[in-house]
Amino acid sequence: MLIINFLKKKTTILYIIIIALLLLLIPLFKYMSNKRITYYNEIYQDTYIEFLMSYEEYERISNIKEIENITLGFEADLGTVRDLRFFEDPNLANNELILDENYFKNYQLGDTITLFNYEFKLIDETYSLFNDNHISEYALNELKDNFDTLIYRVTLNDWSKASKVEREINKGYPFEQGYFIETYFDHDKPIIYDIFYYIIKLILIILSLYIIFNICFNIYLNEKEKSYLYYALGFTKKQLRLISITKYILVFALGFLLNLLLILIL
Amino acid sequence: MKLDSIYCLYSEGILKDINFTFTNNKLYYIVVPDEKIANRLFELITLMTPIMEGKFYINNLEVSAFSYKKKTILRRENMGLLFKDILLDKDLTIYENVLLPLLNIKTNKKKEKVNALLDRYKLSKVSNYYPSDLSLYQKQLTSLARALINNPQFIIALMPTDLMTKNNEEKFYQELKNISHDRGVIIITKRVKYQNLADEIIFYENKRL
């Protein structure tokens, strides 16, 4: 009877509606967050983070949840003046090799090229800004033990967290070992969008906490007002606590259910 | 109900050496000089405050050392309470307010008991109303019906008519006298009114009853 009467009160119904509306902010936050990620990912769709690190770190790096893909590579020379960069390419067969056009001109298609006693067959040429060359994953795996450090080239599923990923990559890795990180994007570009996003988020969170605090406080005051009467009438303190807790739980549970209903309707 | 050499703290001192025996067929007035003492005596007699020293008997059972929970159950089973500020739950109807003490008790015919009391005090027509819809007199009658719903041995009233008009006050005292034939009624008050109705008048003087 006490609980039903509590739920029938206009103020309780109002609390439930307010909580349901506040909970609608969660999908709104999710939507805003997804829009933000999409915005970042569109800006940085052809970019990547590149760094040198030993293969022992591969598992740690692959466990960073924002990292979508890791392409490994190494630097080696083919009798050239400077080292060339070779990256794994899942589309190539074991001994296939694609050279950057700058180096390709020294060879013929079908030529056999030896690298650390591993024989490659030249099948194509390519162009890239950084003169990248491509070998198979299998070949990279066979050759990687010849190098103390490999080139890690990673793409992210959420470029808005690029700075955080950089920190994660850096974690516990001593600078003295020659480690460096190269990120091919401009960190400052989306800053206005971010400020807007965080200000809106902060305002909504503070507003929500304020409203929820007020609802809880009002219920508390109402309960306090009645507790003397109920105690005098023979309700034990345990019963009174149970009634109060049930009221809090019901207000929030019904607010949550109403929120689900609203989401279904909307 | 017997109070034996009881000492009890209150905000401005100590209630000392309270000795009295209340029987369950008399109307008692306890006349006190101020409201603070009235409140403390009310809480003392209704077992809502700890006793410093002395013994409190209900049905020859010494209860002063009982836990809060046991005292609450004793109060529920043996006492009906009337408050100065009436104290009805504003969110419950008149019917529900009278029913309130029975929520804790396994008993049959709850509805019949409530309706009988509502009929007795001519509150049936307003049983679905909320306290805010009623006059002060009707509210205190509701409170009296609620106090009687458990059929307690004692009704303990703290200045129950302070907010009423003189006419209603007299009727209310008369009703308290009527119900005192088969139960004890203890009225804690600052002024002696309708003293002809009282079986015993107890004065609080020099911090003693």
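Me: Helices are DSSP runs of H or I with at least four residues, strands are runs of E with at least two, and both are numbered from the N terminus. Where is Lys201(A) placed?

Reply: Lys201(A) sits in helix H8 of chain A, residues 191-232. Before we go on, this is a predicted model, where local features need pLDDT of at least 70 and side-chain atom pairs count only at pLDDT 80 or more, while totals for chains, interfaces and linings use all residues. Residues are numbered from 1 along each chain as its sequence is written, with chains lettered from A and ligands numbered from 1 in the order in which they are written.

Me: What makes Lys201(A) partly exposed?

Reply: A residue is buried with 20 or more other C-beta atoms within 10 Å of its own, exposed with 12 or fewer, and partly exposed in between; C-beta atoms are placed from the backbone. Lys201(A) has 16 other C-beta atoms within 10 Å, so it is called partly exposed. Its C-alpha is separated by 9.1 Å from that of Met32(A), 169 residues apart along the chain.

Me: Which residues is Leu156(A) in contact with, leaving aside its neighbours within four places in sequence?

Reply: Contact asks for C-beta atoms, placed from the backbone, within 7 Å. Leu156(A) has such contacts with Glu66(A), Ile67(A), Glu68(A), Lys161(A), Ala162(A) and Val165(A).

Me: What makes Phe116(A) exposed?

Reply: Phe116(A) has 12 C-beta neighbours inside 10 Å, so it counts as exposed. You will find Phe116(A) in the loop between strand S5 (112-115) and strand S6 (118-126) of chain A. Its phi is near 50°, a positive value in a residue other than glycine.

Me: And how do you know whether Asn59(B) is buried or exposed?

Reply: Asn59(B) counts as exposed because it has 12 C-beta neighbours inside 10 Å. Asn59(B) is in the loop between strand S4 (53-58) and strand S5 (61-62) of chain B, and it has a positive phi of about 50° although it is not a glycine.

Me: How does the reach of helix H2 of chain A compare with the one expected?

Reply: The expected span is 1.5 Å times one less than the number of residues. H2(A), residues 10-23, has 14 residues and reaches 20 Å from its first C-alpha to its last, close to the 20 Å expected. Its buried residues are Thr12(A), Tyr15(A), Ile16(A), Ile19(A) and Leu23(A).

Me: Why do the buried residues of H2(A) line one face of the helix?

Reply: Seen down the axis of H2(A), they fall within an arc of 100°, so they line one face; the arc is that of the directions from the helix axis to the C-beta atoms. On the other side, Lys10(A) and Leu14(A) are exposed.

Me: How many residues has the largest nonpolar core?

Reply: A nonpolar core is a set of buried Ala, Val, Leu, Ile, Met, Phe, Trp, Tyr and Cys residues joined through C-beta atoms within 7 Å. The largest one has 57 residues, and Tyr28(B) and Leu41(B) are among those with the most contacts inside it. Helix H1 of chain B (residues 35-45) supplies its largest share, 6 residues.

Key
Two residues are in contact if their C-beta atoms, placed from the backbone, lie within 7 Å.
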